[in-house]
Amino acid sequence: MSTLSTSDHTYMNLALRLAAQGLYTTQPNPRVGCVIVRDQQIVGQGAHHKAGEPHAEVFALRQAGALAEGADVYVTLEPCSHFGRTPPCVQAVIAAKPKRVVIAMQDPNPLVAGRGVTALRAQGVEVVVGVLEQEAVALNVGFIARMTRGFPYVRSKIAASLDGRTALSNGKSQWITGEAARQDVQHWRAQSCAILTGIGTVLADNPSMTVRFPTATRQPLRVIVDSKLQLPLNSNMLEPTMLAQSPVLVAYVVDTEQRAAVLAATGAELLCIPNQTQQVDLAQLLQVLAQRDVNEVLVEAGQGLNGGLLHAGLIDEFIFYYAPKLMGSAAHGMFAMPAFTTMQQVPDLQVLDVRQVGADIRVRAKPIVPVA
């Protein structure tokens, strides 16, 4: 067993920072970074930036050249051992003849899942797995969720007053939070593969649900839960120029007004997925998204959809933005759910992070156990 040193953590930290360069761009691939060190000198480094382009190890090996022989290779995810859009990285690493490969985490992809490690060790390469593993996991929660459970990682973003209200009694909610918080939301949108909202939010706010970075190179899929196909044809979600960059998927149950064909003619995709209570089957919808290589979903919705997702145990993480405002008991709450009669029924959350964003407070939290 290899003895880890402080420098092992230092170089893996660098590899993780390189991996984070692909936070907004690698989807559906994982974010991966690689650093090659020989005689305590960095001789190569690289990151994966976009699906179809070379992986992090390839960039690092190209930079290192012959100096990779006998070196230590630090990589945030187990080198792939299968042919996808690019050749298997593990063969390139083996060909470079490193002395040691230090891996943050094993690849959850069943096509890889330990085979890269096995191939390296079979060639006499020393392999260490698990250095800064939790940090690597945090960087790829969506990819891991999709590979291990067939669901994307679901974050729900909720903007609320300090008394937990998300919209006035007339449905108006623009704007509860300040500009800094709204800009912060753009980062969560940019790293998501899909944004999920409900028809209530669309009718009340007419949002675009797009990434508004001037440098944004990709737009997420926009998904609307619209059981009765009420989506207006003049909705911002169906604006033709943006629709060409950011597709819209409408999940529905019934089409009593014969609007499906009209909506489809705008370029939107329609998906009929009813559950037994004649509502959109949210679990099935998320499974469909995972099958379409969606790693991370950002929910930006009202109390109805948020309540349905929470009650079904489908939310992995909350991002609450609390504004220094009081909106009163007549305003809308965060979650429409059946009334609880005991405190044992109340969902418990684990707070992950609390910080101030402009004048508002951002709280990230995870459900401790699913509600359902």
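How many bridges join β9 to strand β10, and which way do the two strands run, parallel or antiparallel? The two strands run parallel, and 4 bridges join β9 to β10 (residues 269–272).

## Basis of the model

This is a predicted model, in which local features need pLDDT of at least 70 and side-chain atom pairs count only at pLDDT 80 or more, while totals for chains, interfaces and linings use all residues. Residues are numbered from 1 along each chain as its sequence is written, and side-chain values use heavy atoms, with hydrogens and water left out.

Helices (DSSP H or I runs of at least four residues) and strands (E runs of at least two) are numbered from the N terminus, and two strands pair if DSSP finds at least two bridges between them. In β10, L270 is the bridge partner of V250. From β9 the chain crosses through helix α10 (residues 260–265) to β10 in a right-handed β-α-β crossover, meaning that, with the strands pointing away from the viewer, the path from the first strand over the helix to the second runs clockwise. Strand β8 (residues 221–225) is also joined to β9 by 4 bridges, again in parallel, and V225 stands opposite A251. A right-handed β-α-β unit is made by β8, helix α9 (residues 240–245) and β9.

Strand β9 (residues 248–252) has 5 of its 5 residues buried, where buried means under 20% relative accessible area, exposed over 50%, and partly exposed in between, with a 1.4 Å probe and protein chains only. In a regular strand the side chains alternate between the two faces of the sheet. Here V248, V250 and Y252 point one way, whereas L249 and A251 point the other way.

## The annotated site

An unreviewed UniProt entry lists H55, C80 and C89 under "binding site"; such positions follow the numbering used here, feature names are shortened, and annotations may be inferred rather than shown by experiment. These residues span 35 residues in sequence, yet no two of their C-alpha atoms are more than 9.3 Å apart, so they gather at one spot.

H55 lies in the loop between β2 (41–47) and α2 (56–64), while C89 belongs to helix α3 (residues 89–95). C89 counts as buried because its relative accessibility is 1%. Beyond its neighbours within four places in sequence, C89 is in contact (heavy atoms within 4.5 Å) with H55, E57, V58, P79 and C80.
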